[in-house]
Amino acid sequence: MIKKVLDSYKKGEIVLIFDDDNRERETDMIVAGEFITPAQIARMRNDAGGLICVPLSAAVADELRVPFMTDIMQAASSEYPVLTELSPTDIPYDEKSAFSITVNHRKTFTGITDNDRTLTINELAKMAKNNMGSQFGKYFRSPGHVTLLRAAEGLLLKRKGHTEMSVALAEMCGLTQVAVCCEMMDDATGDSLPTDEVEKYAEKEGLVFLSGAEVIESYQEFKKD
């Protein structure tokens, strides 16, 4: 099944990945950042409904010089003490938040439309691919409407979130390590979409659905080679 996921990912298609019953218990729509289209952003909005985010590998994040949001909060806490109180030290499913800053490309208008977000993500992937991180501030503004996530160094060998899974898929495919992910929500219950409903959706829409455990196992084997 991992081969189907990688084949779809290389083609710029959306894949569905469930993390784990003992973690977020969520399925994310995931696609490679360099291939994202306005239609896919719209699909994520309408069919997934969670937060559309852009995971970056640690190397890409360092190239762009974007920190974890918690590091920004810590640096600013001497002037704004409430930021210390807001520190996310009690996440029930993880030890550290992957959130970084939010951005818009400077050619966007509001930044929130499907076209604007696509432009921002495509250009971000292009910048990462061409090692143009030193010009990040020239072409992007912050705050914006595209939420960046920093993957852990070592990816799935260290942290097992959708952020790392998204980037690991890109690495295994030989693509730029910039991805797009969005959690699938359930209108009926107000919670995340149950896996049996995800399976029905995947079958109906012709999408590949895979467990995070299979992605993790495949990535571990990939790193051994």
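In which strand is P143 found? Select P143 and you are in strand β5, residues 140-150. Helices and strands here are DSSP runs numbered from the N terminus, with helices of type H or I having at least four residues and strands of type E at least two.

Before going on, note that this is a predicted model, in which local features need pLDDT of at least 70, side-chain atom pairs count only at pLDDT 80 or more, and totals for chains, interfaces and linings use all residues. Residues are numbered from 1 along each chain as its sequence is written, and side-chain values use heavy atoms, leaving out hydrogens and water.

**Stop 1: the cis peptide bond**

The peptide bond that joins S142 and P143 is cis, with omega of about 5°.

**Stop 2: helix α8**

Now select residues 162-173, which form helix α8. Twelve of the twelve residues of α8 are buried, so this helix is largely enclosed by the rest of the structure. Buried means under 20% relative accessible area, exposed over 50%, and partly exposed in between, using a 1.4 Å probe and protein chains only. Among the buried residues of α8 are H162, E164, E171 and C173.

Check the length of α8 by picking its end C-alpha atoms, which are 16 Å apart. That agrees with the 16 Å that twelve residues should span, because the expected span is 1.5 Å times one less than the number of residues. Just after α8, G174 takes a positive phi of about 75°.

**Stop 3**

Two packed helices are described by the angle between their axes and the distance between the axes. The axes are lines fitted to C-alpha atoms, for helices over the stretch in contact, and angles run from 0 to 180 degrees between N-to-C directions. The two helices are therefore roughly perpendicular; that word covers 65 to 115 degrees, while under 35 is roughly parallel, over 145 roughly antiparallel, and the rest oblique.

To see the contact (heavy atoms within 4.5 Å), show I2, V5, L6, Y9 and K10 of α1 with S166, L169, A170, M172 and C173 of α8.

**Stop 4: the cysteines**

How many disulfides does the structure hold? It holds zero disulfides, a disulfide being a pair of cysteine sulfur atoms within 2.5 Å. Select C53 and C181: the sulfur of C53 is 5.2 Å from that of C181, its closest cysteine sulfur, which is too far for a bond. For C173, the nearest cysteine sulfur is also that of C181, 16 Å away. C53 counts as buried at 3% relative accessibility, and C173 counts as buried at 11%.

**Stop 5: Q40**

Move to helix α2, residues 38-48, and pick Q40. Is Q40 buried or exposed? At 12% relative accessibility, Q40 counts as buried. Leaving out residues up to four places away in sequence, Q40 touches G12, E13, I14, V31 and F35.

**Stop 6**

Next pick N131, in the loop between α6 and α7. N131 has a positive phi of about 55° although it is not a glycine, and at 58% relative accessibility it counts as exposed. Finish at L155, in the loop between β5 and α8. L155 is not a glycine but has a positive phi of about 50°, and at 5% relative accessibility L155 counts as buried.
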